[in-house]
Amino acid sequence: MNVMIHWQGRSLPFKPGETVGSALFRAGVMQFGRAATGQARALFCGIGQCQGCLIRVDGRVSEACLLPCRDGMLVTPFEGDENV
Ligand code: FES
């Protein structure tokens, strides 16, 4: 059975226990959005400290490096610097 998250019109498979950040990175997604400064959002620390990997999952802002994948998640870029 394939389990998928959804990103920008693509369905991406993930492995059991894999984080959203890892699944995106493994699928070749290197940029998760863009901060108000113009800096790209992406995996950096991988441990929830830098906030560089912020994304929206089903409408809520989350750290991609910490959030485990669930089948059917709708993952979208997080743009700007809204309060989280
Ligand atoms: S990569 Fe630093 S908080 Fe996720």
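Author: Begin with a cut-off: a residue is called buried when its relative accessible area is under 20%. The model here is predicted.

Reader: Which residues of β5 are buried, and on which faces do they lie?

Author: In a regular strand, side chains alternate between the two faces of the sheet. In β5, L54 and R56 are buried on one side, and I55 and V57 are buried on the other, leaving both faces covered.

Reader: Which strands are joined to β5 by bridges?

Author: Strand β6, residues 60–63, runs antiparallel to β5 and is joined to it by 4 bridges. Within that pairing, L54 stands opposite E63. Strand β7, residues 74–79, is also antiparallel to β5, with 3 bridges. There V57 faces V75 as its opposite residue.

Reader: What lies between β5 and β6?

Author: The two strands form a hairpin with 2 residues between them, and D58 in the turn has a positive phi of about 50°.

Reader: Is R41 buried or exposed?

Author: R41 counts as buried, because its relative accessibility is 6%. R41 sits in strand β4, and a polar atom of its side chain lies 2.4 Å from the backbone oxygen of G80. Beyond four places in sequence, the contacts of R41 include L54, F78 and D81.

Reader: Which residues make the nonpolar surface patch?

Author: F25, M30 and L43 make a patch of about 280 Å². L43 belongs to the loop between β4 and β5 and is partly exposed, because its relative accessible area is 32%. M30 is also among the contacts of R41.

How values were computed. Residues numbered from 1 in each chain as written. Predicted model: local features only at pLDDT ≥ 70, side-chain atom pairs only at ≥ 80, totals over all residues. Heavy atoms only, no water. Patch = residues over 30% accessible without salt bridge, like charges linked within 9 Å, V, L, I, M, F, W, Y side chains within 5 Å. Areas by Shrake-Rupley, 256 points an atom, 1.4 Å probe, with all protein chains shown as cover. Salt bridge = Lys/Arg side-chain N within 4 Å of Asp/Glu carboxyl O. Buried < 20%, exposed > 50% of the residue type's maximum accessible area, 1.4 Å probe, protein only. Polar contact = N/O pair within 3.5 Å; in protein donor to acceptor, adjacent residues only side chain to side chain. Contact = heavy atoms within 4.5 Å. Pairing = 2+ DSSP bridges.
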